[in-house]
Amino acid sequence: KFTPRVFSGIQPSGNLHLGNYLGALKRFVDMQGEDFETIYCMVDLHAITVWQDPARLREKTREVCAGFIAAGLDPEKSILFNQSQVAEHTQLAWIFNCIARMGWMQRMTQFKDKAGKNAQNASLGLFAYPALMAADILTYHATHVPVGEDQKQHLELTRDIAIKFNHDYGVDFFPVTEPVIGGPAPRVMNLRDGSRKMSSSDPSDMTRINMTDDADGIAKKIRKAKTDPDALPSETDGLSERPEARNLINIYAALNDQTAEQVLAEVGGKQFGEFKPMLAELAVAKLAPISTEMARLMGEEAEIDRILARGAEKARAIAAPILQQTYDIVGM
Ligand code: ADP
C-alpha cells in the first residue's frame with residue numbers, strides 16, 4: 001500500500017561528527033538506489049529547540065548539505081532540503097501534538113538528558129520535538145528511517161502516533177514506520193568517556209572526530225582516546241567489559257565495511273599502541289576525501305542554495321497532498 005520511502009534528517013546545530021557519519025549519513029548513502037525513494041533533511045526546526053546563533057545556523061545548514069553531497073548523496077537521486085522550507089512539517093506536527101499524550105512525551109530519555117536538571121527552563125519545543133519528528137517522517141508516508149540507536153525511542157513514538165491517529169479516525173492512513181538501526185556502529189561513543197555517545201553538543205572537541213578535522217587532528221584524537229592497558233581480544237566476547245576498546249573496534253569495522261568479528265580476527269593480540277595508528281590511518285583515508293569535497297562545496301554557496309530550493313519543491317510536492325488528506329480526515 002505504501003511506496004517504499006526513506007526519510008531521515010540531521011540537525012545543523014554543530015559539527016558533523018563520526019557518530020553522525022557512521023550512525024546516519026553513511027547509511028543514508030547505502031540506502032540511495034533502486035529500492036527506495038530517499039528524502040534527507042537538514043532539520044533546522046529541531047536545532048532551534050535550543051538557542052542557535054542565526055548566522056551560524058545558516059552556515060551550518062549549508063555545511064550539513066555539503067556533507068550530505070560530499071558523502072555521496074546525489075541531489076538527482078535523493079531529495080535534499082531544509083525542514084523549515086516545507087511548512088507541511090509544522091502543520092502536521094500540530095495535529096500530532098493533539099494525538100500524542102503528555103505521558104508519552106514525559107518518558108523520552110533524550111528530553112531528560114538535554115533538559116538536564118533545570119527542565120522547567122527547557123523550551124516547549126524541546127519537549128514537543130518528537131511529535132515534530134513524527135511529522136517529518138509521516139508527512140512523506142516514509143516507511144523506513146535510518147538513524148543511530150539514540151533515536152530508537154523517538155521512532156517508537158512515531159509508530160505510536162501513527163497507530164493512534166489511524167485508530168482515532170478509523171483509517172489506515174499513516175504507515176507504521178520501520179526504524180533501520182544497524183551496522184557495526186549504531187552508537188558511536190565519546191572518545192574520552194565510553195559511557196556517553198559521541199555528540200556535537202559535548203563542550204570538549206577531543207571527545208569526537210569531526211568530519212572537517214584534518215589528518216593530524218584525527219590522529220591526535222585517536223592517540224589520546226581513552227583505552228585500557230590490555231591487548232585486543234581475538235573474539236567479540238572479550239570486549240564485553242571493555243566499552244572503550246569495543247567502541248574503537250566498532251568504528252574500525254564500520255569504516256571498513258567489516259564486522260567486529262572480522263576486525264578482531266585480524267587485530268586480536270595487538271596492543272592499542274599498534275592498533276590506534278591503524279585506526280587513524282583508516283579514518284583519514286575514509287574521511288579526508290569527504291572533508292575536502294565538503295570544503296570545496298562550501299565555496300559554492302549559490303549552488304548549495306539552489307539544490308536546497310529544488311529539494312524543497314520536490315519535498316512539498318509529496319507532503320502537500322498528504323497534509324491535505326490528513327485535514328480531510330480530521331474534518332478541516
Ligand atoms: P547529535 O546527536 O550530534 O546532535 P543529531 O541529533 O542531529 O546529532 O543526529 C543526527 C543523526 O545522527 C541521527 O540519526 C542520530 O541517531 C545519529 N547520531 C548522532 N550521534 C550518534 C552517535 N554517537 N552514534 C551513532 N549515531 C549517531
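Two residues are taken to be in contact if their C-beta atoms, placed from the backbone, lie within 7 Å. The structure described here is a predicted model, in which local features need pLDDT of at least 70 and side-chain atom pairs count only at pLDDT 80 or more, whereas totals for chains, interfaces and linings use all residues. Residues are numbered from 1 along each chain as its sequence is written.

The protein is divided into domain 1 (5-180 + 301-330) and domain 2 (205-295), with bounds that come from an automatic or database domain assignment. The centres of the two domains, taken over C-alpha atoms, are separated by 30 Å. To the contact between them, domain 1 gives 11 residues and domain 2 gives 10 residues. On the side of domain 1 that touches domain 2, α1 and α3 (54-71) each supply at least two residues; here helices (H or I, at least four residues) and strands (E, at least two) are DSSP runs, numbered from the N terminus. By class, this side of domain 1 has 7 nonpolar, 4 polar and no charged residues, where Ala, Val, Leu, Ile, Met, Phe, Trp, Tyr, Cys and Pro count as nonpolar, Asp, Glu, Lys and Arg as charged, and the others, Gly among them, as polar.

Helix α3 also packs with helix α12 (residues 272-298), at an angle of about 130° and with the axes 8 Å apart; axes are lines fitted to C-alpha atoms, for helices over the stretch in contact, and angles run from 0 to 180 degrees between N-to-C directions. The two helices α3 and α12 are therefore oblique to each other, given that angles under 35 degrees count as roughly parallel, over 145 as roughly antiparallel, 65 to 115 as roughly perpendicular and the rest as oblique. Their crossing is right-handed, a term used if the near helix is turned clockwise from the far one by less than a right angle, with left-handed used if anticlockwise. In this contact, Arg62, Glu63, Ala66, Gly67, Ile69, Ala70 and Ala71 of α3 meet Ile290, Glu293, Met294, Leu297 and Met298 of α12, which by class amounts to 8 nonpolar, 1 polar and 3 charged residues.

Helix α4 (residues 88-97) and helix α13 (residues 301-330) pack at about 25°, with their axes 10 Å apart, and α4 and α13 are therefore roughly parallel to each other. The crossing of α4 and α13 is left-handed. From α4, the residues Glu88, Gln91, Leu92 and Ile95 meet Arg316, Ala319, Ala320, Leu323, Thr326 and Val330 of α13, and this contact holds 6 nonpolar, 2 polar and 2 charged residues.

For helix α7 (residues 124-138) and helix α8 (residues 152-169), the axes come within 9 Å and cross at roughly 70°, so that α7 and α8 are roughly perpendicular to each other. Pro130, Ala131, Met133, Ala134, Ile137 and Leu138 in α7 meet His154, Leu157, Thr158, Ile161 and Ala162 in α8, a contact with 9 nonpolar, 2 polar and no charged residues.

Around the ligand there are 17 residues, of which Gln11, Gly19, Gly23, Val147 and Gly148 come nearest; a residue is near a molecule or strand if its C-beta atom, placed from the backbone, lies within 6 Å of it. Helix α1 (residues 18-31) contributes the largest share of this shell, with 4 residues. By class, the shell around the ligand comprises 5 nonpolar, 9 polar and 3 charged residues.
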